[in-house]
Number of protein chains: 2
Amino acid sequence: MKRSIKSEATRQHILDTSFELVLRKGFVGVGLQEILKACDVPKGSFYHYFASKEAFGCALLEQYMADYKVRVEQLWQHTEQSVYARLMALWQAWIDDPIYGSWAENCLIVKLAAEVSDLSEDMRQILNLGVHRLTQRVALLLQEGQQQGSIPTHLDPFKTAQVMYQLWLGAALMTKLAQDKAPLHLALETTKQLLQPIQE
Amino acid sequence: MKRSIKSEATRQHILDTSFELVLRKGFVGVGLQEILKACDVPKGSFYHYFASKEAFGCALLEQYMADYKVRVEQLWQHTEQSVYARLMALWQAWIDDPIYGSWAENCLIVKLAAEVSDLSEDMRQILNLGVHRLTQRVALLLQEGQQQGSIPTHLDPFKTAQVMYQLWLGAALMTKLAQDKAPLHLALETTKQLLQPIQE
């Protein structure tokens, strides 16, 4: 039992330590040797936990998506706030977050989506499912907001969630490219306009 | 003189042949050996034209952005059409184009932005400048449309161009990830809404 806890800790240590490497250098850009060195584990130990580099990549993405879900729910736990305010807290976190920094700038989806889409069918599916679940969750929040009155009822919650995600994903990529947060601020401004009631 | 023409042809052959490789496998994901083999040129020849793999990457991106500019201007040459129609022709080409296929799916910006942003300052700047020029060009077209009457005057042309680009960039990335063009169609629908006149 103790061995199993230690074993789990080593696996977790490999995932945690290599996250930053992959975030900065991409998946193909980080060699196995570099991971082993950063994590201070021997090659045999790595292959004990992960059958291949791709299996490691899958585990890294699965953990990222699971952590992301927890972060979003933590952010949205203040149910005394309006849905509008809770939704805006998410986009504000994409720009800057006191705990995790800018979610957009530290996002494995932004960094890896284009790269893994043509590289690994398993990794692509994990990211795609993760994004699908996230936009579905945003849509459910929008529905809640429509019942509560803080989100306009003329909007299709599922389409609106998808549009917002696409807008923010593009903004995050532009922020990486321009090394400037202006695209994220513009996405925030546009999101506020999207969520405005129809002018009667 | 003849040598110089032949020399230019070889350089062009390397750039043309490797485009598809880089588009599918990314920049780091394509090794020099693979490029040499695909282009059927010796290593010395490659280094005659490009000082380094990074210099080759810069040349590839510069050529891509220059070609992109030509393609956009060709698409917009039908000045008898409304600006709205010409703008929509661009987004329609992102979804599907009879000559180049889907611009979104065959886009080096979509494929490489996240990867090169942390990898090569020179490559990042080429892509960033290219995108900046493209959105400025879209903004000028929007201004023309405002004078002509097919684009609503309440829109800020520069912000609107930027917002559209972010939305479409995100949609293109989602299309890669989902292997489904639905995000592009949703971007088209959203673009049409963005360009609607204010309901009085």
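The model is predicted: local features need pLDDT of at least 70, side-chain atom pairs count only at pLDDT 80 or more, and totals for chains, interfaces and linings use all residues. Residues are numbered from 1 along each chain as its sequence is written, chains are lettered from A and ligands numbered from 1 in the order in which they are written, and side-chain values use heavy atoms, with hydrogens and water left out.

Chain A has domain 1 (1-49) and domain 2 (54-195); such bounds come from an automatic or database domain assignment. Chain A and chain B bury about 3300 Å² between them. Domain 1 of chain A and domain 2 of chain A bury about 1300 Å². Buried area is the accessible area (1.4 Å probe) that two parts lose on being put together, summed over both.

**Between the domains of chain A**

- The C-alpha centres of the two domains lie 27 Å apart.
- Domain 1 of chain A brings 17 residues to the contact and domain 2 of chain A brings 16; contact means heavy atoms within 4.5 Å.
- Carbon and sulfur atoms carry 72% of the area buried between the domains.
- Leu15(A), Leu23(A) and Phe27(A) supply 45% of the area that domain 1 of chain A buries against domain 2 of chain A, more than any other three residues.
- Helix α1 (residues 2-25) of chain A gives the most to the domain 1 side, with 11 residues; helices are DSSP runs (H or I, at least four residues), numbered from the N terminus.

**Between chain A and chain B**

- Each chain puts 36 residues into the contact.
- Of the area buried here, 64% is on carbon and sulfur atoms.
- Gln166(A), Leu173(A) and Leu177(A) supply 21% of the area that chain A buries against chain B, more than any other three residues.
- Six salt bridges link chain A and chain B.
- In one salt bridge, Lys176(A) pairs with Asp118(B), and the closest N and O atoms are 3.0 Å apart.
- On the side of chain A that touches chain B, α1, α6 (108-117), α7 (121-148), α8 (157-178) and α9 (182-194) of chain A each supply at least two residues.
- α8(A) gives the most to that side, with 14 residues.

Technical notes
Salt bridge = Lys/Arg side-chain N within 4 Å of Asp/Glu carboxyl O.
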